[in-house]
Amino acid sequence: MADELLIRNGVVYDPINGVKGEKKDICIRDGKVVDSVTNPKVIDAEGRVVMPGGVDIHSHIAGGKVNAGRIMRPEDERKGVEPKTKVCRAQSGYSVPNTFATGYRYARMGYTFVMEAAMPPLAARHTHEEMVDIPILDNAAMPLIDNNWMTMEYVKSGDTDLLAAYIAWMMKATKGYAVKVVNPGGTEAWGWGKNCNLNDTVPYFDVTPAEIIKGLAEANEKFEMPHSIHVHGNMLGHPGNYEMTKDTYDVVKGIKPYRDRPTMHATHTQFHSYGGTTWGNFESKADAIADYINENDHMSIDLGSVILGDTTTMTADGPMEYSLYQITGRKWTNHDVELETGTGITPFLYSGKVSVHTIQWAIGQELALLVKDPWKVALTTDHPNAGPFIGYPIIISHLMSKKRRDESAEAMHKAIFDRAALPSIDREYDLNEIAIITRGMTAKTLGLHEHGKGHLGVGADADVAIYDMSPEERDAGKIQKAFLNTKYTIKGGQIVVKDGEVVATPPGRTIFVTPECDDKLTDEMLVTLKDKFAKYYSVTFNNYPVQDAYLPNPYEIKAPWRSS
Amino acid sequence: MVEVTDVVCSLCGCVCDDIVLEVENNEIVKVKKGACSVGKAKLLGHERIKSPAIRENGELRECSYDEAIKKAAEILYKSRRSLLYGWSSTVCEAHKVGVELTEDLGAVMDNTASVCHGPSVLAINDVGLPSCTLGEVKNRADLIIYWGANPAQAHANHMKRYSYVSKGYWTEEGKKGKKMVVVDVRKTMTAKMADVFVQIKQGKDYQVFSALRAILRGHEDVVPDEVGGVPKEQLLEVANMVKESKFVMTFFGMGVTHTGARHNNIVNAIQFTRAAHLHTKASIMPLRGHYNVAGINQVCTWETGFPFAIDMSRGYAWYNPGEQSATDLLYRGDCDAAMIIASDPGAHFPGESLKHLAKIPVIQIDPYANPTTEFADVVIPAAVSGIEAEGNVYRMDNVPIRLRKILDTDYLPDEEILQRILTEIRAMREKEGE
């Protein structure tokens, strides 16, 4: 078996290294990009688009809520069935595919890393069990640390160092990657069937969501954490929420990040960019949010762009899912998690015939087109909330083609012409910008570029996507087709997809962050935490942390305490 | 003598994880804390299957693991349509190999939920499940409803650890600050502890749920004077308790899943919970039996898309319970071999289904002999998960917990037995291919 690979004459887009569509060879040895090779197997990429493997910053692919979505929706599983092959396991599902299908379909789109967006700490073992069953993709998961009683108590008492010690312990106990925040305070209030605005007091805990976000951002920067806090703010999906969204961004303004990265990543921003006061006068405020992002440098966002059709919405934002279920009357699953978080799941159909859905559809793309610097924007659908990840190529084709957008808009509800800005925007993304929002920006924002992801410089992981299209291609349909199934996907130097078919399924690695915290501080924190276990948790302290057995292919990133 | 703490019980869906044992000379000599009487009996051990065995001329002949595994592989390899059934009393690591084996053989995989909370799963397919972890109940619930369930005898630690008797953050007074309603056809031990006992007529659960829904949705005028044997005043009393509670939790058992309208009972129980949620915080949870029946549903779902009764003969997963579920498949004589692991259909399946099971070659994998052993053709003893083997399980609220290995053993864990059977089958296929 050749350990060397040469990708010859491709047109390379490697934004982290400033390579913008240059004809260039990529040399690979032992799973890494190298300077030169001696006796390689050669892939002729003549004139085709070559990019680093895709890096998804936010997608719900594994764990309790994804599986609850599957159990609740046998009709969705039936949609995506594909028989096993000599290489692949049997596949099921469309918006909530089984784990095998998840790996294959991402790999066929040229992705090699996916971040599971929300891991309930108490059920972290479940997330890891599923991630192990997702072939090919390297992965990581973000534990929810915002509605936790420990967090709220430390925020209230102002003990940022102890909060940091708690974050460190949780990150290690869950084998997690970054601090995830979902409807801070609101999900705890949902334990009583209530919800919280940004500046409401969380029932019984005497803190506000704004204070929780600020506290966590400050505590996060106590370490050399590769990623900022990753925030799903309050009042997601409510008309008129854009003002609260901007207020949320303001909360962390002035907190200094440990390195050159944002202080907060605001996720699925489409759902947080709503104007109007009711569903009747609902309108896009993507322009206001984009203006904020353009004027400030402490924020990054991902889109949460809508794919029309049926999907399964799922989030730790329990009250939001309840509101959605009350609107549709469809199936509804809820799963509150003691002392920590919650879960809500309900199916949803985005229809181009409905004014609100049409405007939502426009907002995601408006955000991408109105934020000037693509290094602040990541392509996501908040899979499967605004639509399944398999729809990424549809979004790419729209961002790259004004003509395609106009054709789509014509067929949709006319509200798009007076309550959204999309039809008036002329900007078209080029392939370099697409490479930024699908790998460069995402790898950098997650801090994974320092660990070989999202670029093709010497020493990088040999994760490469070769798309069967010329860089001059302007036909939106052909662009979409090319981004759905690669000519080749190479993962760690191994060809895993060829001509759109999965040909090998090596296991992925799970990347986790170990924040390093002073023992004395940890011990002080543990007194409080152990009391919580003794009195309130339903499992013991010793049975809580994720055992090493759950990560057969681990990759550890250490995050030292900052001496300053 | 060594004291072992944080031991996880592998008996029922409560999965108690605070057990303290004393271990001496590779033997559990005392259960010091944490387990109920049934869990204690399992931990202290009882009669095991001593050796792998193959049935010859009607008698089981003891043999080596190698021979039994090879024989099992031959049976499955020759079978055109086999049933792989059980799975609820073993760990998820074994489940994963089971799914792979099912896929490899194009077999049907079903688990004990099929004859247990299968109707609950069908209801969740239909309407979803508003639920929570057991710690939420412990910390918040001030009204507990047990419906068609008798945890005092079937899940002996349930009330103490998680519900009526437990103490939590907003429930520091324990049962003093809570109310309990029990709905059942007879006055069970649990019912005797209840503040309100609602005695319904056999099979009338659906109607009683409907009446409560109507009241909670403001339509008490349509409710007749008596529903399912329950006077209207009592229905109003229960509905009122729901309205006045801060957090109402409903647990239900086999009394609801297997009577009258079956899975529609559970749909209605969930709709009752949704109606209650208009007034208070309301959640509902099936009381799962085996310690990892929730786990086999989880693993099957993330690996195949479906929770039970999965037919892989098409090369992809096909889900149609009532057709591919084990009892139905056997009833129609629609499989020609069976592997039974970590369960006992011999004691629990309907007679007509068992008739076919007794006719076809049967492989049994289990630590303990049971009625299924009486007709099994290959018997493969396994290590006891949670005592002699570790692995992941899902509690009834789907919280994943890792079973610990306490004792050393020469018995093979389920996962390894299955992996070796799969390897044998693949080797046979490769040989034939040559």
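Q: In this predicted model, what makes the pair B:Glu103 and A:Arg89 a salt bridge?
A: The closest N and O atoms of B:Glu103 and A:Arg89 are 3.0 Å apart. The rule asks for a side-chain nitrogen of Lys or Arg within 4 Å of a carboxyl oxygen of Asp or Glu, so the pair qualifies. Across the interface of chain B and chain A the rule finds 5 salt bridges.

Q: What else is counted across the interface of chain B and chain A?
A: There are 46 residue pairs in polar contact, both residues being at pLDDT 80 or more. On the side of chain B that touches chain A, helix 3 of chain B gives the largest share, 7 residues. By class, that side has 25 nonpolar, 14 polar and 23 charged residues.

Q: Why are strand 16 of chain A and strand 8 of chain B called paired?
A: Pairing requires at least two bridges; these strands have 3 bridges, in the parallel sense, and therefore count as paired. A:Asp336 stands opposite B:Cys132 in strand 8 of chain B.

Q: How is the size of an interface often given?
A: It is often given as the accessible area lost when the parts come together. Chain B and chain A bury about 5,300 Å² between them, 51% of it on carbon and sulfur atoms.

Q: How do you know that domain 2 of chain B and domain 3 of chain B touch, and how many salt bridges does the rule find there?
A: The contact takes 12 residues from domain 2 and 16 residues from domain 3 of chain B, each counted because heavy atoms lie within 4.5 Å. The two domains bury about 1,000 Å² between them.

Terms used
Residues are numbered from 1 along each chain as its sequence is written. Chains are lettered from A and ligands numbered from 1 in the order in which they are written. This is a predicted model: local features need pLDDT of at least 70, side-chain atom pairs count only at pLDDT 80 or more; totals for chains, interfaces and linings use all residues. Side-chain values use heavy atoms; hydrogens and water are left out. Buried area is the accessible area (1.4 Å probe) that two parts lose on being put together, summed over both. A polar contact is a pair of N or O atoms within 3.5 Å; within protein, one must be able to donate a hydrogen and the other to accept it, and residues adjacent in sequence count only if both atoms are side-chain atoms. Helices (H or I, at least four residues) and strands (E, at least two) are DSSP runs, numbered from the N terminus. Ala, Val, Leu, Ile, Met, Phe, Trp, Tyr, Cys and Pro count as nonpolar, Asp, Glu, Lys and Arg as charged, and the others, Gly among them, as polar.
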